[in-house]
Amino acid sequence: MDFDFLDGYLLEQRPPKEQVVKELLKRRHDAAGAAAFYRGIEMLGSKTPDLTLIALRLVLAGKTADDERVVRLREIVERARAGSDSNEARAAYYRELQ
């Protein structure tokens, strides 16, 4: 499954969160542990916290969305959004998901 729309939102805040939420709900993945995230996203819609999207992205990559990984990926996302070292942050983001 292609997650470019979710990665784009997390790294660059594009496309808008509303569009990302619609796509996630339309193209649900059956990864273990993902169902609970989808239920939360259904309830919250565009008010879904970015941390939830980050945790879901980890699950969709086959990773455990434990506190340590979510915090580490959140820090990487924040660096990418800040733009100061966005190329390195993007590389770190994809390494984290491998």
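The secondary structure of the protein chain consists of 6 helices and 0 strands, and its order along the sequence is α-α-α-α-α-α. The model is a predicted one.

The radius of gyration of the protein chain is 12 Å, which agrees with the value near 13 Å that a compact globule of 98 residues would have. The C-alpha trace spans about 35 × 25 × 20 Å along its principal axes. Of the 98 residues, 40% count as buried. Among contacts with a separation of 6 or more, 48% are between residues 24 or more positions apart.

**Helix α1**

Helix α1 covers residues 4-12. It is largely enclosed by the rest of the structure, because 7 of its 9 residues are buried. These buried residues are F5, L6, D7, G8, Y9, L10 and L11. Their cover includes α2 (17-26), α4, α5 (67-82) and α6 (86-97). After α1 comes Q13, which has a positive phi near 60°.

**Helix pairs**

Two pairs are described here, α1 with α4 and α5 with α6; their geometry is tabulated below.

| Pair | Angle | Axis distance |
|---|---|---|
| α1 and α4 | about 135° | 11 Å |
| α5 and α6 | about 155° | 8 Å |

In the pair of α1 with α4 (residues 50-60), the two helices are oblique to each other, and α1 passes α4 in a left-handed crossing. On the α1 side the contact is made by L6, D7, Y9 and L10, and on the α4 side by D50, L53, I54, R57 and L60. By class, this contact has 6 nonpolar and 3 charged residues, with no polar ones. Of the α1 residues in this contact, L6, D7, Y9 and L10 are also listed among the buried residues of α1.

The helices of the other pair pack at an angle of about 155°. Angles over 145 degrees count as roughly antiparallel, and α5 is therefore roughly antiparallel to α6. Here too the crossing is left-handed, with α5 passing α6. From α5 the contact takes R69, R72, L73, I76, V77, R79 and A80; from α6 it takes S86, E88, A89, A92, Y93, E96 and L97. These residues divide into 8 nonpolar, 1 polar and 5 charged.

Terms used
Residues are numbered from 1 along each chain as its sequence is written. This is a predicted model: local features need pLDDT of at least 70, side-chain atom pairs count only at pLDDT 80 or more; totals for chains, interfaces and linings use all residues. Side-chain values use heavy atoms; hydrogens and water are left out. Axes are lines fitted to C-alpha atoms, for helices over the stretch in contact, and angles run from 0 to 180 degrees between N-to-C directions. Helices (H or I, at least four residues) and strands (E, at least two) are DSSP runs, numbered from the N terminus. Angles under 35 degrees count as roughly parallel, over 145 as roughly antiparallel, 65 to 115 as roughly perpendicular and the rest as oblique. A crossing is left-handed if the near helix is turned anticlockwise from the far one by less than a right angle, and right-handed if clockwise. Contact means heavy atoms within 4.5 Å. Ala, Val, Leu, Ile, Met, Phe, Trp, Tyr, Cys and Pro count as nonpolar, Asp, Glu, Lys and Arg as charged, and the others, Gly among them, as polar. The radius of gyration is taken over C-alpha atoms; the globule rule is 2.2 Å times the number of residues to the power 0.38. Buried means under 20% relative accessible area, exposed over 50%, partly exposed in between (1.4 Å probe, protein chains only).
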